[in-house]
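This report is meant to be read beside the sequence and the coordinates. Please keep both open while going through the sections.

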Amino acid sequence: MKWQVMVHELYERIGVDCENVTLIVKRVDLLPGHVMSQLLNLMSTGEIPGCFTLKEQVNLATRVRDEYLVEIESKFHAQNTRIRQEVELQREKELTAIKREEKETLSLHDATFYQEFERIHQQTLALRLAQAQLRYQQDCDDYTRKCEVETESVTATIMSLMRPLGITSGRWQQIVDRIRKRLRVVFIVDYNHHDWITSRVPELLPLCNVVTTPIMLASDLHTIFYGHFHSEVQRLMRLDRFAVSPEIRKWEDFVVFMKRVEHALPDITKMAVEIHLSATKVASRRHQSVPTWLGMALPTYFAKALEKFYNDASETLSKAERFLYVCENMEIFLSKLKDGDDELRERLSNCDRKIAILEEAILQQQEDGDRICDMMRRFQESAEEQVQITNEMEKQAQVELNVPLGCLEEANAALLLIEKRHIIEIKSFNSPPLLVHLVFDAICVMFGMEPAWDNARKILSDASVVQNMLNYDKDNMSDDILSKLQSQYISDDRFHREEVEKQSVAASMMVIWVRAIHQYASTRRVVKPTLDKLEKAQSRLRLLMQEYQMSKQRVADADEQLLQLKNTLGETIALKQSTTDEIESRASRLESGESVLEFLSEDRQQQEKTVERMHKTCHHGLAWWNALFDAALLAYAGRFHLEDRKTLLAEWECAYWRSTQTDADRCETKCCLVPSIHVALREKDEEQDEQDYDLYNNELDHDEDVADLFCEQGPDHAHWELVSGGVCFSRRRLQDAFFLGQVNCAAFPAVLITKYTNEIEDLVLKCARNLWKWNEFFMVSCKAEDFDQVFVAAVTEGHQLLILDVEPLDGVTHFSNLSSVFNWRTTLENGVEHLAVKSSSTASTMLDSSLPLANASSAADEAKTELIPVHSSLRLILTSYKPQSAFGEATLRLPTLDATLYVSEIPDVILDKMWNPGVYENAESTKLKLAIRDYHDVAHIGSNMQDELTKHIQEAAAHGDFQVAEMQVLREQANAIKELRVTMQRKRIGVEKEIAHTRKLYHIAKLGAAIYNSFNTTISAHASLSRSMHVKRG
């Protein structure tokens, strides 16, 4: 079927499309005889008799392309490519010149300039492409018109298919001629098979090119492998492989790790060559061969496994370091609590001392306040007595001054009646009347001026003369002025209001004022002793009142100071109480924290060992060695049966010990072979005596009990789930389950199982249900009509598919959507992986069984592909009843497991049947399985509780304080985990007891296998005897 499709593809590409094709045949020894004869006819005559039906020939002949038109088209495409390159080169030159000019002139062009720049170049490109397109169209039209000489195209086509006398003609003859002229066949023949091929097909070899590949030496393989490994390492270090917004720190750490891997590539490549040669050696014992191209898959698998190991190790290391960091923070916090306790106690003693001082100060302040209050009361009493005395003296002086004060008030009231016109009238006198002159002479004397009319007029010239007279200082008049007024003016009988009013009303009012002032001043001199006593009394009263106010203020100040002291005392007492509470709280938190730390000491030591182990693992390069072994398992071991696997793993172990360079690597590491080979650190308590440690034949006892081995590893081991899940028990199925388990990792989303059987299907279903916990697991046949829709839905939505009935033809490129799985190549778009699959329309076209193979092949070649995002949960298990050899190089990128069951593996089948969960649960064979499951469940609960405890400690440490309630919760969780560990230890002892009983199953399985094999041998012998007797009778 595959050869027939390829022949149709050759006729399509060479005969119709006029292409030059080289057919490379890598394994001539595997070609059937009829294929060799058809290839001979194809090379000699250009056609294979009976390969095409008449309908298919008509379909090909009607689509034959003219060679000249094909040549014109190829030139046109080459010209388009050249035009694009020239325009792009010119664009880069101009852009470089613009950038240089901007740098020199220190100026930048705006976005509009660059948009115009791009538009011009796009126009130039479009113009040149349009000119080339026009020229190409003209050439095609000219040639078409030149060749239009056939008037009856349908008749010519029919005649071209007729073969009179065995001679072809017409367009079919063009196809045949092109096959002979444009097809080139190259045989790649192994050096050991050259003579055999020469003797088998002597007629074909002269028509073909034969390339004899020499025997690949280790040095040659080393060169080839190193290039592939180096390419994969460089691919892993690309930044675009990370998310759209990559974690630069994470990427930088990964690059540092990959630099170490790159440095170790010579040793890794050397080990890879040893692995390949070991597989070749083991296969040769079965008269089989391991193709070199199988080794090309090793670097790809290695890169995926290495990335997985790094991510797992980083997660483990990060978890351990986070736990240690949290514990360290908690320890630092408790240390601060201890250090802060002395500070709190010192604060408490300071509070006691301060309280004593404040209480004493309050007593002293109360005494001072009482003394100040007494003083204030005395000043108050004295002031009250002085007020009485002052009031009596003020009344007496008031009585004596009552008459002159009355006259003075009348005089002031009279002054207020003087208007401006009166003043103007008096000023207008050049020679005033006698009495007016007399009045103003008296006023001049009172203001200390010479009695003259000019001075009087000066006084009157002042606009505020009346106000000045009202404000006259009557209390401090001199004796000289009083005597002058008395002798010269007051004693004069004419110096009265009635007399002066006859001459001037304004002057009469002033006379009243002068006489009132004189009377007041004279009277005041009489009562001056009384006034002096009154002044003294008032002065004493003011002094007493001042002292009283000062005493009152001192009392208020004393009360305020007393209140402040009491407030300070209250604050100090509150501080003392809070300090006491804090000391008690710290003591409680310290006790709880120390108990939690004491509980976590074991976990802390374990995590410290984990960190140390991870650093040692990185130092010894166990990540890349184990990645290489896992890649070797996927590339080689899946193709061998159990006994050959044992031999192969032993060979690889010896190769590892030969590749180790230091004694530390030999002494600190060990190899384990169950379920697959992997390198681990040797524990300190293990035997490390180098005298008993063979560096080249350090083979693990292959009869070692598997359950015992896994129970010793414990639930934290990477392969523990293979046993705890209860899916299998035998060594063969454990290896198969481990192989298939790689598909559950994102690094290997697909795997192929050949020679599919019911036993391997049962294993797949158990793993999917018990180990991988697949929730979207579906079983589908690739022959189903809706397979392409199911496949695309699985890729985009993250389903898990068990694909049945896969054929070798499904791995051919462009034939079906499964080819994208066999040639697993993804592209990154916006940080998301995308897979190229066929569109739904072309897929339905290829699935149309009514189309001939030629049309199907053409549809496959012209099928449109689309990129669909790959969901991270996508998992594919492809199954086929065909052997691995039928798929050839299609399995280069796809891990392949051979499910062939050999006679020597019958004990494993029986052992797994005993271990099967379908057996009655109280059976002896299932007790170990149930005990391990129970232990695993408890360990899982303990792990979750441990993570929860770490999370709570981290949350408590986030705010920098561990409250009493939080510490109590942590303490309760720690006690619960402690009790759970006791339970785990008790259940582990129960598992160890059941191991001793389960070992009997091995002998029972071997006995059952012997009975089964003996029965089959007897049946076969009986059948052979019956056939021979039947022949004799005949």
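## Model confidence

The model is predicted. Its chain has a mean pLDDT of 77, and 82% of the residues reach 70 or more. Residues 158–169 have a pLDDT below 50, and this stretch has 18 contacts in the model beyond near neighbours in sequence. The pLDDT is also below 50 over residues 840–863, where the model has 32 contacts beyond near neighbours in sequence.

## Annotated coiled-coil regions

An unreviewed UniProt entry lists residues 341–368 and 531–568 under "coiled-coil region". In the model, the span 341–368 is 100% helix and 0% strand. The C-alpha atoms at the ends of residues 341–368 are 40 Å apart.

Strand β8 (residues 800–804) is largely enclosed by the rest of the structure, because five of its five residues are buried. In a regular strand, side chains alternate between the two faces of the sheet. For β8, Q800, L802 and L804 are on one side, L801 and I803 are on the other, and both faces are covered.

Which strands pair with β8? One is β7 (residues 777–781), which runs parallel to β8 and is joined to it by five bridges. In this pairing, F777 is opposite Q800 of β8. Another is β12 (residues 875–879), also parallel to β8, with four bridges between them. Here I803 is opposite L878 of β12. Helix α29 (residues 787–797) belongs with β7 and β8 to a right-handed β-α-β unit.

## Salt bridges

Side chains of opposite charge can pair when their charged atoms come close. The structure holds 29 salt bridges. Two of the pairs described here lie within helices.

In helix α10 (residues 248–263), E262 and K259 are three residues apart, which means a separation of about one helical turn. Their salt bridge has its closest N and O atoms 3.9 Å apart. Is E262 buried or exposed? E262 counts as buried because its relative accessibility is 18%, whereas K259, at 47%, counts as partly exposed.

In helix α28 (residues 758–771), K766 and D762 are four residues apart, about one turn of the helix. The N to O distance in their salt bridge is 3.1 Å. K766 has a relative accessibility of 6% and so counts as buried; D762 is partly exposed, with a relative accessible area of 30%.

R494 is partly exposed at a relative accessible area of 36%. D492, at 17% relative accessibility, counts as buried.

How values were computed: Residues are numbered from 1 along each chain as its sequence is written. This is a predicted model: local features need pLDDT of at least 70, side-chain atom pairs count only at pLDDT 80 or more; totals for chains, interfaces and linings use all residues. Side-chain values use heavy atoms; hydrogens and water are left out. UniProt positions are given in the numbering used here, feature names are shortened, and annotations may be inferred rather than shown by experiment. pLDDT is the predictor's confidence in each residue, from 0 to 100. Contact means heavy atoms within 4.5 Å. A salt bridge is a side-chain nitrogen of Lys or Arg within 4 Å of a carboxyl oxygen of Asp or Glu. Buried means under 20% relative accessible area, exposed over 50%, partly exposed in between (1.4 Å probe, protein chains only). Two strands pair if DSSP finds at least two bridges between them. A crossover is right-handed if, with the strands pointing away from the viewer, the path from the first strand over the helix to the second runs clockwise.
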